[in-house]
Amino acid sequence: MQQTKQRGAMSWVGDVAVIFGKDLRAELRTKEALNASLSFALVILLLFSFAFDPSSEQTHDIAGGLLWIVYAFAGTLILNRSFVRELPNDCLDGLIAAPIPAWTLFLGKSLANFVLVLAVELISLPIFGIFYNVRWAQQGWALLLVLALTTWGLTVVGTMFSALTVNLRIRELMLPILIYPIMIPALLGAMEVTGPLITGKPLEGDLLTWVRLLVGFDIIFTSLSVALVETVLVG
Amino acid sequence: MREKIIYIFAAAAAVLLVRNLYVILLVLPDEAQQGPIYRIMFFHIPSAITCFIGFLAAGISSAIYLATKNPRNDAIAVASTEVSLAFATVVLATGSIWARIIWGIWWTWDARLTSMLVCWLLYASYLMLRRAIDEPTQRAKFSAVLSIFAFSDVIIVWKSIEWWRTQHPGPVLSIRTGGGQMNPAMEAAIYWNLLALILFGLVLVLVRLRQEEMRREIDGMRQMAHAI
Amino acid sequence: MSDVAVDCSGVWKFYGDFPALRDISLEVPPGRCLALIGRNGAGKTTLLRILAGFSKATRGRVSIFGNQPRETDARRRIGFLGHGISIYDELSALENLILFARMYGLAEPKKAALEWLELTGLTRVRDGLVREFSRGMRQRLAVARAFLHNPSVLLLDEPFTALDDRAIGVLQALLQAALREGRTIVMSTHQLREALELATDVALVERGGVAYQGPRTPEMLADPGWLYARYGES
């Protein structure tokens with residue numbers, strides 16, 4: 001029989017990594033959420049081409065908003081799966097029983113969702129560029145920063161509410177109703193800054209205000225979720 | 001005792017409202033630029049303030065619920081959220097009527113209108129979440145978490161949408177402007193009506209609270225009956 | 001450290017105003033096996049979930065060797081086997097056990113996992129996805145998952161209910177060995193025979209309260225319905 005390891009002050013990093021690895025491995029093995037989310041993103045991109053003339057200048061002006069609507073909708077499919085994945089076989093019980101703090105469980109799951117949602121975004125971005133004839137990569141790094149900041153905010157809120165709705169009868173109906181209104185500031189900021197970045201404007205001046213908003217959103221909702229997740233998971 | 005407080009507050013609110021309506025409709029003159037329609041602000045502004053006080057109270061009560069797990073705090077949270085949501089609806093409706101007359105449109109995507117709508121949606125989702133959970137302890141806990149998230153979000157929404165665009169009239173009350181924006185008699189009328197609406201809101205919350213407690217009692221009895 | 005393994009005193013659990021547990025007090029010293037007996041809906045599962053830290057008591061105090069169930073020390077000592085197997089279908093048997101070994105902070109996760117695959121007779125299929133396992137194999141894997149971190153308190157919710165013969169054999173051997181080693185077991189059951197053979201003490205749970213509590217006696221083994229007939233409500 002084995003002894004348990006001495007746990008240092010940074011042992012939570014290991015706990016987060018274990019959960020992160022588990023979720024990512026399980027998802028990559030089935031690719032259920034990933035495939036669904038990607039094809040949903042493609043379908044919305046296609047539908048938008050009917051609503052707006054894809055080649056017109058006007059479409060470039062609304063590109064930021066259009067992209068984030070696609071991301072928000074497609075991302076929800078992944079976020080919804082996050083805790084639903086734990087339902088078969090009562091796996092959630094196994095996780096809650098384990099001697100790791102609930103917030104490390106939450107951060108591990110959020111990180112896995114973050115990577116998955118970001119992957120969907122990065123794959124659909126060039127496709128968007130081709131379909132709508134947009135040269136989106138002119139401010140590549142700044143765009144990546146904005147994608148990462150916004151996606152983290154959406155992921156944290158989505159993962160938290162995925163945990164909160166997981167035992168509800170009508171969770172698929174409740175999750176979008178709960179998370180989209182809360183995501184509004186982050187989505188607004190992202191739309192305002194992504195549009196100019198795609199058309200090649202540098203990240204400065206007014207645009208930085210929106211980046212600050214995104215950082216603030218991320219900090220506030222990450223802290224709230226970390227503080228409250230134990231209450232949500234333990235009855 | 002509670003009964004008596006409700007009646008006293010209700011009577012005070014009614015007397016105040018009658019007095020305010022008299023002042024607003026018969027004493028104060030029409031505003032120079034807007035004409036008679038400006039009077040809607042005597043309900044618009046106090047309703048907005050009342051609804052935020054209510055949402056704040058719901059947020060605080062929710063946080064206390066999570067700390068103490070006392071079902072009373074959950075009842076206070078749901079009662080003040082529902083009443084505040086009603087006031088928020090009044091704000092949106094009166095605002096729209098005013099906008100139709102002055103701007104010629106029912107709705108514009110101005111900062112404050114948009115944030116008020118987001119706020120309304122957030123708390124509507126709170127009530128929907130409550131309906132979706134049957135088990136009372138879980139319902140109380142989850143909706144408390146949502147209430148805290150929602151109130152934090154409301155603050156961010158107001159800040160962010162203010163940067164986005166503003167078309168709504170600027171602040172008029174002298175505590176925000178430092179004075180001189182408005183006829184003192186009109187401003188006084190706003191404060192009097194704020195008092196009336198807060199009292200009225202309080203009465204509604206107390207009545208709703210009593211109803212919530214009865215509902216809990218009935219639920220408990222019903223479960224007891226099922227268990228036997 | 002307390003010398004009582006599982007201690008709960010004055011535990012109430014309310015769902016709204018409905019008391020699912022009423023004033024439950026139990027003490028289980030190390031090396032004993034307590035069988036919680038009672039009908040479905042009596043509150044056995046609720047009590048076990050509170051002991052395991054999945055759920056919090058509305059009133060009262062629960063401790064596992066002196067620690068509250070949600071504390072890391074207590075959670076490390078508890079092994080829980082519930083209705084669900086708490087095993088991931090998309091992962092292989094080995095991956096599942098390594099995952100839990102890591103979460104429990106074992107020094108050599110892979111070694112512990114392999115050891116338990118051997119003990120439960122799953123070495124041959126260690127790299128197979130759990131999705132493809134038969135019912136019996138899944139249950140044995142669940143037993144391995146619950147015992148993997150060498151828990152000193154075993155909380156078992158209806159452990160024998162859904163098991164096939166081989167899994168029952170594996171579990172009974174493990175539980176008997178555990179008792180000999182001085183570990184503590186609390187299990188809920190309505191299948192009296194298997195449970196009573198292991199139990200050193202019994203508690204009859206009815207409508208959220210403890211109707212009878214005491215050592216298991218030979219009459220109980222001879223006639224499993226004896227307890228209900230004697231102390232239960234009609």
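This is a predicted model: local features need pLDDT of at least 70, side-chain atom pairs count only at pLDDT 80 or more; totals for chains, interfaces and linings use all residues.
I started with α1(C), which is mostly covered, seven of its nine residues being buried (buried is under 20% relative accessible area, exposed over 50%, partly exposed in between, with a 1.4 Å probe and protein chains only). The buried ones are K44(C), T46(C), L47(C), L48(C), I50(C), L51(C) and A52(C).

Residues are numbered from 1 along each chain as its sequence is written, chains are lettered from A and ligands numbered from 1 in the order written, and side-chain values use heavy atoms, leaving out hydrogens and water. Helices (H or I, at least four residues) and strands (E, at least two) are DSSP runs, numbered from the N terminus.

Next, the sheet. In chain C I found six strands in an open, mixed sheet, ordered β5-β6-β7-β3-β8-β9; strands pair if DSSP finds at least two bridges between them. β5 (78-81) and β9 (209-215) of chain C are the edges, each pairing on one side only. I then looked at β6 (153-157) and β7 (184-189) of chain C, which run parallel over five bridges. L156(C) sits opposite M187(C) in β7(C).

What lies on it? Helix α1 (44-52) of chain C lies across β3, β5, β6, β7 and β8 of chain C, at about 150° to β6(C) (axes are lines fitted to C-alpha atoms, for helices over the stretch in contact; angles run from 0 to 180 degrees between N-to-C directions). Helix α5 (135-147) of chain C packs there too, touching β5 and β6 of chain C; contact means heavy atoms within 4.5 Å.

Then across chains. The axes of α1 (11-30) of chain A and α3 (93-103) of chain C come within 10 Å and cross at roughly 160°. That makes α1(A) roughly antiparallel to α3(C) (under 35 degrees is roughly parallel, over 145 roughly antiparallel, 65 to 115 roughly perpendicular, the rest oblique). From α1(A), V18(A), I19(A), K22(A), R25(A) and R29(A) meet E95(C), L99(C), R102(C) and M103(C) of α3(C).

Last, V157(A), in helix α7 (140-165) of chain A. V157(A) is buried, with a relative accessible area of 0%. Beyond its neighbours within four places in sequence, V157(A) contacts I179(A), I182(A), F217(A) and F221(A). I also noted 7.7 Å between the C-alpha atoms of V157(A) and S225(A), 68 residues apart along the chain.
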